[in-house]
Structure formats: structure tokens, C-alpha cells
Amino acid sequence: MAITADDVSLEDIVPICLDFAVVEISSPEELAVVGADTRVRLSYQEQMLELRLPFGSHSRLFLSEVNRAWSDVCKSPSHEAKFEWISKYRSGTRGQGVVKQAFAPLSTTLTKLSQHRKSEKSSDKKGSFEGENGPNGDTPNSSQESLGISSRDDRDDLVRSSSHTASNKAQILAMPQFGLRDNLIKCELLKKEELYIYREHFSFFLGTYNVNGQTPKESLHPWLSCPLNPPDMYCVGFQELDLSKEAFFFNDTPKELEWMKAVSDALHPDAKYALVKLVRLVGIMLLFYVKKEHAEFISDVEAETVGTGIMGRMGNKGAVAIRFRFHNSDICVVNSHLAAHIEEYERRNQDYKDICSRLQFRQLDPTQPPLTILKHDVVLWIGDLNYRISDLDVNNVKELIGKKDFETLHSYDQLKRQIDEEAVFVGFVEGEIDFQPTYKYDTGSDKWDTSEKCRVPAWCDRILWRGKNIKQQHYQSHMALKTSDHKPVSSLLVIGIKRVNAEAYKKTFEEIVRDIDKMENECIPSVTLSRREFHFTDVKFMAHQAETLSLLNDGQVPCQFEFIQKPNEPTYCKPWLTANPSKGFIAQGGSVDIDLEVFVNRFTAPELNSGQQQIEDILVLHLERGKDYFISVTGNYLPSCYGTSIHSLCLLREPIQDMPQETLREIVSLSGNESAANTEKPLDIPKELWMMVDHLFRNAIKQEDIFQQPGLRSEFAEIRDCLDTGMPDSLPGSNHSVAEALLLFLDALPEPVVPYSFYQQCLECCSSASQCEKVISMLPQCHQNVFNYLAAFLRELLKNFASNGLDVNILVTIFASLLLKSPTKQDLAQKRKTQEFFQHFLIQSSS
């Protein structure tokens, strides 16, 4: 669970003044030691304080901000800060009526720390914040607790970057304290990279294994140690690490440690490796190891995850990724598990596109936009991509496998066909497949699936790459491993990594600085805009639209642009609009394309539906040292049942898009009593909700994986249009798409089915079924009707659990979070109470 304000107390404050200094004290030996954090010594007057900072961009940003603040102090040495704001932190409360002194006088605290340090045998030992090492070199638990570090946290950051060298000067230039001039230098350095860069080749072992929820039962040595020589890097991905319901609901799994140990034990015996990063999303896990001698050259390590399961959130499908810089090359490794079933190749394509667009890494400079997967020099993509073999029956497939005619068989492979059509993985390369399909086998054997389903063999498990100077040494499966119904796959890639020639870099850098000095302040920057007015036609709920604004630098100097806030507005644009990129740099004579994107979601839809807001905005484009440009954005929004309240929908007997805007505005403004007095009897439940539930009741009551398998976005758009216009009478799309459309409908309600005002009562009575029923009986009539209608439908689904695979826990987890929403951020205890509350209504008898 995330750390909150209640978990943190303010113990001391150190003023940044002329008596202040902070220096890094990690020794040269520590810089190359895997597991070393950044050690800094903070001094104030005559006292010292030693801190340990974990490796990562947050620590680097913290240090750069401290240095920036100290630089500001040095610029005005005569101005002595009073630090009067500190007084309000002198005391505070925490917990139930417990009052504590927030901190002692600063000098007292630092004196104690200084005295403690003098008692140590060596100033190089860890300071008082770190505790003493035990007799075996281990750190006692108490010191780990005082640092707030768990074993998982220790494991996450085992590599730190070296001190600044020529190889990472480009990173220094990207730090927040650098302005336009340094962006110019950075841009020119990148343009002239070939003058100071050379390439050195390193081997990367990539492995992927869907373990089908099993525990390690055999050594992974035949898979991970198959290369003759030890690889420089290991990127090892797993899917379906844990298939239990607990893992599906985002809880930890013991299998993470079991499989991590199995991997560590099976790495190549002729080299020593360190775990750089581990990242997991439910059953999708990625491990990144590096030879210890390369550890000091790894930096900027970040990890992210994205779920593509039902509603684009559930983590049973999706991806995990690690990005890092090795010498001067930026590398991203992705491990994904895409949608299953032979006919769902379009869903897999959609998953791939979602992962590429939604998985983003924050940058060292927080003012810069996040990095996407494809904005790296090298992208390595592994995983159970789940693409199958089409248009051949199982016997024909097995016949071709028996003949080892993999070339013919590969022509029927869905992934090959989708890549050939440029539907997915554009710019990626996959090596020649000369091994038999890796799915599906009887567990514990090399026999093809003999179950009732008799799955057609397929190359589900794949490895692809994107980038220059990459050669594949091998691409193979490993039949010796029999733990799972999949076989693991490996690839060994040799990649040309960019390194810096320090002398050539220095010369290039100096030449660029001289050139910039000549032109600086000579000219005012200016740009030409391709358009200044943009109109978006027929904007719909969750339907992305984009227009391109092109900027041409027609001035005499490079320029830096940024969209800036208007007076009294919190951001540069309305929440349904984004500009990508929102800031940037344009070389002289260069140009940049900016995507103006409109996307209406559950947060922005309610006011647009009611007409309280319009698709109207003015963007202000600012040039540093130049003028401002004004860009008009307009459009028309088509109202939707998505984002409209239950109360309003029950008053609408006609499709929402057939209603005049003024009528919608009046309906939204009516209270329950006013509507009863001024209109005809409202519907019991919204007709749109009835259409979706009725469709599912008639067609999907026995549908396998209903409410667990996502639908297609294109089909959701058709369903939404049908609900909003009333045409046609029956809903289009698959059962999975209708089920997801229902969940999205509930998620977009401005006021949840159980109104916010009843939320606390639900938590308080969650253990009593009768009290829970009493709360529901007190809801506004239309909300009560919807709640009871949905609960009755879900109970019908549970009667068919043998066919659809549902159980109470799955439905409670999915629906409780939609029907009972917290008006504030929900913690884990509240989440469990809402689930307990709703469970009472699913275990009632059918009567």
C-alpha cells in the first residue's frame, strides 16, 4: 500500500544557507559495487549528517534541486534568510490525540549525530541512519526498518550510476537547472553525435517462459545457460507466474521469489551477475541482470507496468517494462502477455497499441514529457504474444511440424501476417523460426495437448527487437523443460552500444559552445504556424480525435516553445484537450509537428453531456525570448449515456442524442422531487442499462471468461453509438465487448449506483447482511432499482459457473469497486469492506 501523509513525520529541518554544504562521499570502489546506494554528507555549520539515497531518478532530482537552491543562496550572500516559515512546524499531532515535539533544536540533533559518528571506528562506515553491520556483514532488521526499506526495495535498485564522465554529460545537460542555452548545446551534441561516438558490442540474452501458474520443478540451466560464453546482460520474462485468484486481485505471490531464485541459480556459471531490477504485474514478471563489471555503466533505470485486461485495468493481461541507459545507449525491455484465443488477433493488436501508447517512463527532468517505449535507441520485446496459427486444422499443423517444414507453417502464423500488414510491431525484427511451436503441450511431457479442447500448436512465445547494429546469434526453444504447457524460448543478441570518445567529445562540445556564443542575443526567435484555428467535429465519449499543428522555425536562431497557462487557470488547456509535445526545442530552419488531441473520458463527460461545458479553448503558445501565439480549438460534442447520471437517464424515454441540449440541461438541474412533480413517471432503470444486461442475459449467461476477457474498442464504439441513438434494436459486437461496455457505463456514472452520501454507512455495516440490505432500501428509488437489478443478474451468472468460470470473488472484486465508490481515495481496508458489503447480495438464494 502506498505511503501516505499519516506514515511520515517531520523530524528536522536543515536550512540551505552559506553554512550549508552537501557532497557525495561514495568511494570510487563503491561506485562499481553492485548494491551501493548514493551516500551523501550534509554539513551545516560544524555538524554533519550522512544520508543514504536509493539509486534512481528521484534521488538525482533531489540532489540537483538541493544544488540549485544552494547556488541561488551563493548569488545573494548578503541576503540572510530568516526561515520564519519553520515556526509552524515546531509541534504537531499524530494519531489519536498524541502530541509530540516535531523536532529538537537543529543544533542539538546534529550535535548528537556528530558525536555518534565520532564514536565509529571509521568515517567510511555507514552513518547513524544506516545502523551497524552484523557479524556476517548483514544489516540488522532494525536498521532496515528505520530506513523504511523492504527486501523488495533492496532488490529493486542494485545498480547505481558512476560519477559524471564524458559518457553521461548529455544527461547532465538534461537536468532541470539548464535552460535554453544548454538545450541548444544538447541538441547540437545529438546532431553531431557521430563525431565523438564509437560502438562496442555486448551480448544480451533474452528469455520468455509462460509457466502456467506452476512452481519451479526443474533446473532452468538448459534454458538460461545455453550460450557457450556468458552473456553481458540477461532479460528474463515470465507470464502466468501465478494463476490464483489472489494474484489476479493484485496481491503479492510467493512464486515471485521462487522463480527469481530459480533464475539466479541457472545463470551462466562462468560470470558473476547482479540483479538490476525486478518488475511484476500479477503474473507478468521481468528480471534484468547484468555482469558485475558492467554495473557502473548502467543508469537511469526505471520500471513501469500497464494492464490491458477488462476495462484496460486488470493486470491478468498487459505488459511490464524496464528502461535503462547503458553507456550512451537508451534501451527498453518489454515483457507482455496479450489476449488469448485463436480468433482474438484483433484484440492482441489492440493490446500491443495500448501498451505502446500507455506505458510511459518519467524522465530525470520533470518538465520533460514521459518517454514512450519507441523513443529508445533499442527496444527488446519478449513475451507470450498469443498469436496463433490460422486456416489450418490441428492435423495439418502437426503434419507440417513432423516434416519440420516450419517455413510453410510460419506463413499461416497470425503474428507474421499482422506484421506483414503493418498492423503491429512496425519497425521490429524477428529472427527466422526454425523450432517447433512452443504451445500447447501436456504438462510434464513433450506431447501435444490431449485435452478435450485439443489446442492447435502455435508459436505463442516470441522475441522481437527494434534498433540499429543488432545481430541475432540464436533463436530457439528449449524442449528439455517440461514444467509448463509452454516451452521457454531464448534469443542471444549482439548489440552495438554507443560509447563516448572523451577527447572527441570535448572538442565537439567546445566548438558548439563557441558557435552558440556568436549567435546568442543577436536575433529574436520566431515561428510560422500551419494553422491557428482547429475544429473537431462530432466528438464522442472515449473516441480519440487528433489534428496536427506544424511549427516552422523561420527565425535566425533556434527556439524553445511551450504552451503556457492562461490567467486563473490551473493548466495550459481544458482537461479534454492535450498538446503533444506541450513544450520543445526547434533548431534553426527546423520544424516540429504537435498533435492536438481531444479525448472525453468519465471525468469530463458529465459537464459536456449536460451542456455546462463546450468543446472550446484557447491555447497560448509561448516562445522563450519571443512572442506569444494564440490558437483556437472548437468542436461539437455528441451527448452520451456514458457520463450521464442514473436519475437523468431514467427521465429520458428517447435516445439521448435525440434530445435538445436545452432539455438535457433542464433534466440535469432537476432534483428528484422536482422531476416527480414536473414530468411523467420515470423509467425504473435506464433503458441503456437494461439493453446491455438483457443482451448478456440472453446471449452470454454461459460465456467463458465473461467480465474477464476484454472486448474490442471498435465494437465498444458501435455499442455506445447504438445506445446513444437507439439504432439498431439489438446490440452489435461480441459478448465480451458488451460486458466491457456495461462496466464502462457503471464506471462513468457521475454519481455511483450507491451514492457517495451512503458510502460510509456501507463500510460501517458491511459485516451484517440485514444492515446492508437496509442501507440499499434507503437509496433513491432509481439507484435502488439499478443495484437490485444488477445483483439479480450477477446471481444468475453464478448459477452457470461451470460454463462461464465465474465465482463470487471475481464478481465482487470487479463490481464492488464500480457500485460503491469512495468520495476520496480508497485504502485497502475500505476496499475489502466494500467487497464484503456487496458479497452479501451475491450469495442470497435464487428466490
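This is a predicted model: local features need pLDDT of at least 70, side-chain atom pairs count only at pLDDT 80 or more; totals for chains, interfaces and linings use all residues.
Reader: What fraction of the contacts comes from residues 24 or more positions apart?

Author: Among contacts with a separation of 6 or more, such residues account for 72%.

Reader: Let us turn to the cores. Which residues have the most contacts inside the largest nonpolar core?

Author: They are Tyr642, Phe707, Leu746, Phe815 and Phe837, in a core of 103 residues. Helix H25, residues 781–799, gives the most to this core, with nine residues.

Reader: What is Phe815 in contact with?

Author: Apart from neighbours within four places in sequence, Phe815 contacts Phe707, Leu743, Leu746, Leu794 and Phe838.

Reader: Which residues does the second, separate core include?

Author: That core has 44 residues, and Val282, Leu286, Tyr441 and Trp448 are among them.

Reader: Now strand E7. Why is it described as largely enclosed?

Author: Strand E7 spans residues 233–239, and seven of its seven residues are buried, so the rest of the structure largely encloses it. In a regular strand, side chains alternate between the two faces of the sheet. In E7 both faces are covered: Met233, Cys235, Gly237 and Gln239 are buried on one side, and Tyr234, Val236 and Phe238 are buried on the other.

Reader: Which strand pairs with E7 in the parallel sense, and which runs antiparallel?

Author: Strand E6, residues 197–210, is the parallel partner, over seven bridges. Tyr209 has Phe238 as its bridge partner in E7. Strand E9, residues 284–291, runs antiparallel to E7 and is joined to it by six bridges. There, Val236 stands opposite Leu287.

Reader: What about Asn335: buried or exposed?

Author: Asn335 is buried, because its relative accessibility is 0%. It lies in strand E12, residues 329–337.

Reader: Which backbone oxygen does its side chain reach at 2.8 Å?

Author: The side chain of Asn335 reaches the backbone oxygen of Met285 at that distance. Beyond four places in sequence, the residues touched by Asn335 include Gly237, Gln239, Ile284, Leu286, Val320 and Ile382.

Reader: Changing topic, how many salt bridges does the structure hold?

Author: It holds 37 salt bridges. Side chains of opposite charge can pair when their charged atoms come close.

Reader: Which parts does the pair Arg417 and Asp391 tie together?

Author: The two side chains meet at 2.7 Å, N to O. Arg417 is in helix H14 (residues 414–420) and Asp391 is in the loop between strand E15 (378–384) and helix H12 (394–402), so the pair links parts 26 residues apart in sequence. Arg417 is partly exposed at 27% relative accessible area, while Asp391 is exposed at 63%.

Reader: What does Glu50 form a salt bridge with?

Author: Its partner is Arg41, with the closest N and O atoms 3.9 Å apart. Glu50 is buried at 4% relative accessible area, and Arg41 is buried at 19%.

Reader: And which residues are linked in a network of salt bridges?

Author: Glu193, Asp377 and Lys498 form such a network. Separately, Lys687 and Glu688 meet in a salt bridge at 3.1 Å, N to O, and Glu688 is buried, with 0% relative accessibility.

Terms used: Residues are numbered from 1 along each chain as its sequence is written. Side-chain values use heavy atoms; hydrogens and water are left out. Contact means heavy atoms within 4.5 Å. Helices (H or I, at least four residues) and strands (E, at least two) are DSSP runs, numbered from the N terminus. Buried means under 20% relative accessible area, exposed over 50%, partly exposed in between (1.4 Å probe, protein chains only). A polar contact is a pair of N or O atoms within 3.5 Å; within protein, one must be able to donate a hydrogen and the other to accept it, and residues adjacent in sequence count only if both atoms are side-chain atoms. A nonpolar core is a set of buried Ala, Val, Leu, Ile, Met, Phe, Trp, Tyr and Cys residues joined through side-chain atoms within 4.5 Å. Two strands pair if DSSP finds at least two bridges between them. A salt bridge is a side-chain nitrogen of Lys or Arg within 4 Å of a carboxyl oxygen of Asp or Glu.
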